[in-house]
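Below are some numbered remarks to read alongside the model. They begin with charged pairs and then move on to the fold and its surface.

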Amino acid sequence: PGLRPSARSRRATTVGFLLMRSWLSLARPYRLELRAVAAMTGVMVVIAGIAILRLLAFGIPIECFRDPYVDACVAHLGAVDAYMRTRDSLWMPAFLATLAVPMLAGVVLGTAMLAREIEQQTTVLSWSLAPSRVRWLIRRSVLVGGVVLLVGLLAGALGDALANVGEPTLDQARNFNGLGSRGPVVGVAAVLAFALMLHAGAVLGRQLPSLLLGIATIVAAVVVISIVSDAWLQSD
């Protein structure tokens with residue numbers, strides 16, 4: 001009897017199982033896009049991971065990057081040159097991947113959520129069965145937007161790691177270089193892209209026009225934010 005689960009624990013397990021089934025049913029219409037995002041995320045992790053591990057494998061002391069000609073670092077001169085060549089060949093593709101994949105995730109999933117549903121008229125049945133269109137949208141937005149946010153946060157963490165190995169002499173916590181392209185802000189940018197695509201799909205209701213309008217809006221938003229943030233940081 002002491003090992004038998006209590007009624008409360010059985011109830012909690014049942015509720016958790018039903019919630020999982022509910023969330024899985026919400027994700028089912030976007031399983032193709034979610035698989036594509038998962039594949040892109042895997043490629044991003046592999047590319048960034050290879051670059052990070054390859055550069056860390058050199059094992060060069062940080063002091064040797066600051067002044068490679070001191071007595072203790074003369075033996076590492078060849079390794080420092082090889083490090084720089086490897087960084088030039090691997091670092092930029094990896095860093096671009098951490099920027100592109102979260103934005104693509106937001107674009108792909110944002111387009112699928114409303115533009116495709118409205119164009120294919122699957123919302124006619126969904127909205128007739130749902131108690132509220134707002135609740136229908138919020139539940140899916142939380143699920144899909146949460147996936148986009150997680151991809152963006154992972155990409156931002158990889159971007160920070162790449163910044164550390166790309167410029168090992170800099171304290172990245174105090175470095176403003178590339179501030180908007182690494183760290184948690186990448187997750188916020190991915191959610192912004194997702195929200196703009198969602199809005200474009202709600203307004204136009206067709207995939208291709210929504211895709212074009214959404215991408216144009218995202219580019220304009222990134223340009224405006226970059227100009228404003230650069231002007232703000234110049235005064236510091």
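1. Arg-87 and Glu-167 form a salt bridge, with the closest N and O atoms 3.8 Å apart. The pair joins distant parts of the chain: Arg-87 sits in helix H4, Glu-167 in the loop between H6 and helix H7 (185–204), and 80 residues separate them. The model is a predicted one, and these distances should be read accordingly.

2. Arg-87 counts as buried because its relative accessibility is 19% and the class takes in values under 20%. Glu-167 has a relative accessible area of 36%, so this residue is partly exposed. Arg-87 and Glu-167 also belong to a network of salt bridges that includes Asp-88.

3. Which residue forms a salt bridge with Glu-33? The partner is Arg-116, and the closest N and O atoms are 2.4 Å apart. This pair, too, links distant parts of the chain, with Arg-116 in helix H4 and Glu-33 in helix H2 (residues 31–56), 83 residues apart. Arg-116 is buried at a relative accessible area of 14%, and Glu-33 is buried at 12%.

4. Another salt bridge joins the side chains of Arg-182 and Asp-160, at 3.1 Å from N to O. Arg-182 is in the loop between H6 and H7, while Asp-160 is in helix H6; the two are 22 residues apart. Arg-182 is buried, with a relative accessible area of 8%. Asp-160, at 25%, is partly exposed. The count of salt bridges comes to four.

5. On the overall fold: the protein chain has eight helices and zero strands. Of its 236 residues, 33% count as buried. Among contacts between residues at least 6 apart in sequence, 77% join residues at least 24 apart. The chain exposes about 14200 Å², and carbon and sulfur atoms supply 68% of that area.

6. How do helices H4 and H8 pack, and at what angle? Helix H4 (residues 77–119) packs with H8 at an angle of about 145 degrees, and the axes are 9 Å apart. The crossing of H4 past H8 is right-handed. On the H4 side the contact is made by Met-103, Val-107, Thr-111, Ala-115, Arg-116 and Glu-119; on the H8 side, by Gln-207, Ser-210, Leu-211 and Ile-218.

7. Ser-141 lies in helix H6 (residues 133–166). Is this residue buried or exposed? Ser-141 is buried, with a relative accessible area of 19%, because the class covers values under 20%. Leaving aside neighbours within four places in sequence, Ser-141 is in contact with Met-113, Gly-146, Phe-194 and Leu-198.

8. A nonpolar surface patch of about 340 Å² is made by Ile-215, Val-219, Val-223 and Ile-227. Val-223 has its place in helix H8 (residues 207–234). With a relative accessible area of 43%, Val-223 is partly exposed; patch members need over 30% relative accessible area, so a partly exposed residue can qualify.

Notes
Residues are numbered from 1 along each chain as its sequence is written. This is a predicted model: local features need pLDDT of at least 70, side-chain atom pairs count only at pLDDT 80 or more; totals for chains, interfaces and linings use all residues. Side-chain values use heavy atoms; hydrogens and water are left out. Patches are made of residues with over 30% relative accessible area and no salt bridge: like charges are joined within 9 Å, nonpolar side chains (Val, Leu, Ile, Met, Phe, Trp, Tyr) within 5 Å. Accessible areas come from the Shrake-Rupley method with a 1.4 Å probe; for residues, only the protein chains shown count as cover. Helices (H or I, at least four residues) and strands (E, at least two) are DSSP runs, numbered from the N terminus. Buried means under 20% relative accessible area, exposed over 50%, partly exposed in between (1.4 Å probe, protein chains only). Axes are lines fitted to C-alpha atoms, for helices over the stretch in contact, and angles run from 0 to 180 degrees between N-to-C directions. A crossing is left-handed if the near helix is turned anticlockwise from the far one by less than a right angle, and right-handed if clockwise. Contact means heavy atoms within 4.5 Å.
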